[in-house]
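Subject: Structure handover

Hello,

Here is the structure I said I would pass on. My notes follow below it.

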Amino acid sequence: MPGVQQLRDKFEQEYVLGVSQIDQIHHEFVDLLAETLNSAGDDFKRMFQRLWEHTQLHFFEEEARMAAFSFAGQDAHKADHDRILKKMEELSALVAAGDHATALDWLASDLPDWFDKHTRTMDGAAVARVLQCEAS
Ligand SMILES: [Fe+2]
Ligand SMILES: [Fe+2]
């Protein structure tokens, strides 16, 4: 199970997909995640909020691209995004109430694990389709 440091270390080899705007968003996501994990107190609250907002933009950007190319895997891909956003919404309520430990745990293990799988499979397939459409 990769942690955020492995995501950073392996970024170039494992997660660069070839559409620069999406690669850029993924890079920012990993940086924001690392920064959030390194923050505490009110900084953590602020960083968690930033990461959540960035994740909404990240998913919106990918879904808009998939819609533009009528990509077949789009519904399953969006469902995976929605699951993560729902979890972040739940955690945001806990963070606001002063429980940072639950969110920290999830950010340290579940979210890097999700990013690793999701980026290599669903995002990889979506980007391959974008590149194929742009080439034709
Ligand atoms: Fe993504
Ligand atoms: Fe995605």
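In which helix does Lys78 lie? Lys78 belongs to helix H5. Please keep in mind that this is a predicted model, and that what follows was computed from it.

Helix H4

I start with H4, as the other notes refer back to it. Helix H4 covers residues 41-68, which is 28 residues. From its first C-alpha to its last it reaches 41 Å, close to the 40 Å expected at 1.5 Å a residue. The buried residues in H4 are Met47, Phe48, Leu51, His58, Glu62 and Met66. After H4 comes Ser70, which has a positive phi near 35°.

H4 with H3

How do the axes of H3 and H4 cross, and within what distance do they come? They come within 10 Å and cross at roughly 160°. Angles over 145 degrees count as roughly antiparallel, so H3 and H4 are roughly antiparallel to each other. Their crossing is left-handed. On the H3 side the contact is made by Ile22, Ile25, Glu28, Phe29, Leu32, Leu33, Glu35 and Thr36. These meet Phe44, Met47, Phe48, Arg50, Leu51, His54, Thr55, His58, Glu61 and Glu62 in H4. By class, the contact of H3 with H4 has nine nonpolar, four polar and five charged residues.

H4 with H5

The axes of H4 and H5 come within 11 Å, with a crossing angle of roughly 165°. That makes H4 roughly antiparallel to H5. The crossing of H4 past H5 is left-handed. H4 contributes Lys45, Phe48, Trp52, Thr55, Gln56, Phe59, Glu63, Met66 and Ala67 to the contact. H5 contributes Gln74, His77, Lys78, His81, Ile84, Leu85, Met88, Ser92 and Val95. The residues of this contact between H4 and H5 divide into nine nonpolar, six polar and three charged.

H4 with H6

Are H4 and H6 roughly parallel or roughly antiparallel to each other? Their axes come within 12 Å and cross at roughly 15°. Angles under 35 degrees count as roughly parallel, and H4 and H6 are therefore roughly parallel to each other. The crossing of H4 and H6 is left-handed. Here Phe48, Glu62, Arg65 and Met66 in H4 meet Ala103, Asp123, Ala126 and Val130 in H6. The residues of the contact of H4 with H6 divide into five nonpolar, no polar and three charged.

H5 has 23 residues, which should span 33 Å at 1.5 Å a residue. The end C-alpha atoms of H5 are 33 Å apart, which agrees. Which residues of H5 are buried? They are His77, Met88, Leu91 and Val95, and the buried residues of H5 pack against H4 and H6. H5 is followed by Gly98, whose phi is positive, near 100°.

Lys78, the residue I began with, has 16 C-beta neighbours inside 10 Å. A residue is buried at 20 or more such neighbours and exposed at 12 or fewer, so Lys78 counts as partly exposed. Between Lys78 and Gln21 there are 57 residues in sequence and 19 Å in space, C-alpha to C-alpha.

Two residues of H6

His118 is found in helix H6. Because His118 has 15 C-beta neighbours inside 10 Å, it counts as partly exposed. Not counting residues up to four places away in sequence, His118 touches Asp80 and Asp123. The C-alpha atoms of His118 and Ala79 are separated by 12 Å, while the two residues are 39 residues apart along the chain.

Asp113 also has its place in helix H6. Its 14 C-beta neighbours inside 10 Å are why Asp113 counts as partly exposed. Which residues does Asp113 touch, not counting residues up to four places away in sequence? Asp113 touches Met1 and Pro2. Asp113 and Gln49 are 64 residues apart in sequence, and their C-alpha atoms are 20 Å apart in space.

Regards

Note on methods:
Residues are numbered from 1 along each chain as its sequence is written. Chains are lettered from A and ligands numbered from 1 in the order in which they are written. This is a predicted model: local features need pLDDT of at least 70, side-chain atom pairs count only at pLDDT 80 or more; totals for chains, interfaces and linings use all residues. Helices (H or I, at least four residues) and strands (E, at least two) are DSSP runs, numbered from the N terminus. The expected span of a helix is 1.5 Å times one less than its number of residues. Axes are lines fitted to C-alpha atoms, for helices over the stretch in contact, and angles run from 0 to 180 degrees between N-to-C directions. Angles under 35 degrees count as roughly parallel, over 145 as roughly antiparallel, 65 to 115 as roughly perpendicular and the rest as oblique. A crossing is left-handed if the near helix is turned anticlockwise from the far one by less than a right angle, and right-handed if clockwise. Two residues are in contact if their C-beta atoms, placed from the backbone, lie within 7 Å. Ala, Val, Leu, Ile, Met, Phe, Trp, Tyr, Cys and Pro count as nonpolar, Asp, Glu, Lys and Arg as charged, and the others, Gly among them, as polar.
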